[in-house]
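Subject: Structure handover

Hello,

Here is the structure I promised to pass on. Please open it first, then read my notes below.

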Amino acid sequence: MHTAGRPARRAVLTGGLAAAVAVAGCSSAGTPRETTAAPEPRPDTPTAAFARLMEGNARWVSGDLDHPDRDPERRQLVAAAQDPFGGILTCIDSRVAPELVFDTGLGDLYVLRTGGQAIGPVVTGSVEYGPMTGGTPLIVVLGHQRCGAVEAAYKSLQEDAPLPGNLQAIVRAVEPAYRLTARNPGADPVDTMIHNQIRVTADDLRSNSDLAPLVKKGALAVVGAYYSLDTGKVDVLTGAPV
């Protein structure tokens with residue numbers, strides 16, 4: 001789908017995808033399948049992009065995976081230009097891989113990883129890249145169950161014991177979430193802090209001077225979400241588009 005004001009490559013990319021898939025596709029087992037059906041259009045709105053991600057997560061939870069856009073044809077198609085429909089800011093944790101969690105493929109998502117979803121100028125600029133240069137309609141801040149980075153930061157702040165090296169930069173970045181947690185720790189303070197860190201980060205991105213105008217006019221949604229390592233399910237905490 002081409003939208004006024006978006007790069008012309010969107011139309012080229014979508015048209016090329018239709019041609020490639022009309023010739024050949026790839027099954028979940030990696031074997032070619034014949035198909036004449038056109039691919040799903042690339043989501044161009046926050047609501048459509050969010051729905052695509054959550055449909056993919058439902059497949060991840062159930063195990064009924066599509067494994068879309070993961071073949072040599074797709075690689076060739078996106079080699080010259082990309083047009084992701086979403087950006088994911090998540091943790092470095094090896095168990096949280098957005099392309100798997102949302103059952104997406106090559107060229108579908110911008111993915112950024114930092115310990116505990118900690119942000120700073122470079123990270124924020126990287127998050128802004130998709131929405132500000134290519135009209136990417138969705139950003140998801142994805143925290144997760146049993147986050148080691150948040151747990152280490154919580155203990156460091158609680159015990160006033162700085163972490164070694166540049167790990168302390170993560171502690172400083174997540175301190176606002178710690179302060180919220182100290183006021184209302186709940187039954188599991190670390191998990192409470194994980195939830196607070198998701199909300200704080202999503203709120204900061206949603207309200208910053210560059211992204212806020214896009215959010216206000218409905219061109220962008222910034223969603224805060226929590227991933228369960230036990231079940232694979234993503235639960236939305238804040239910012240789901242309606």
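Is Tyr-129 buried, partly exposed or exposed? Tyr-129 is partly exposed, with a relative accessible area of 45%. Here buried means under 20% relative accessible area, exposed means over 50%, and partly exposed lies in between (1.4 Å probe, protein chains only).

Some ground rules. This is a predicted model, in which local features need pLDDT of at least 70 and side-chain atom pairs count only at pLDDT 80 or more, while totals for chains, interfaces and linings use all residues. Residues are numbered from 1 along each chain as its sequence is written, and side-chain values use heavy atoms, with hydrogens and water left out.

Aromatic pairs

The structure holds two aromatic pairs (ring centres of Phe, Tyr or the six-membered ring of Trp within 6.5 Å; planes under 30 degrees apart are stacked, over 60 edge-to-face, the rest tilted). One of them joins Tyr-110 and Tyr-129 edge-to-face, at 5.8 Å centre to centre and 90° between the planes. Tyr-110 sits in strand E4 and Tyr-129 in helix H5 (residues 121–134), 19 residues apart. Helices (H or I, at least four residues) and strands (E, at least two) are DSSP runs, numbered from the N terminus. Tyr-110 counts as buried, at 15% relative accessibility.

Strand E3

E3 spans residues 86–90, and five of its five residues are buried. Gly-86, Ile-88 and Thr-90 point one way. Gly-87 and Leu-89 point the other way. In a regular strand, side chains alternate between the two faces of the sheet.

E3 runs parallel to E4 (residues 109–113), joined by five bridges. Strands pair if DSSP finds at least two bridges between them. Gly-86 is opposite Leu-109 in E4. E3 also pairs with E5 (residues 138–144), in the parallel sense, over four bridges. There, Thr-90 has Leu-142 as its bridge partner.

Nonpolar cores

A nonpolar core is a set of buried Ala, Val, Leu, Ile, Met, Phe, Trp, Tyr and Cys residues joined through side-chain atoms within 4.5 Å. The largest has 18 residues; Leu-53, Leu-138, Val-140 and Leu-142 touch the most other members. Helix H2 (46–62), E5 and strand E6 (221–227) each give two or more residues to this core. E6 gives the most, with four. Leaving aside neighbours within four places in sequence, Leu-138 has contacts (heavy atoms within 4.5 Å) that include Pro-46, Phe-85 and Val-223. A second, separate core of 15 residues includes Cys-147 and Val-174.

Best wishes
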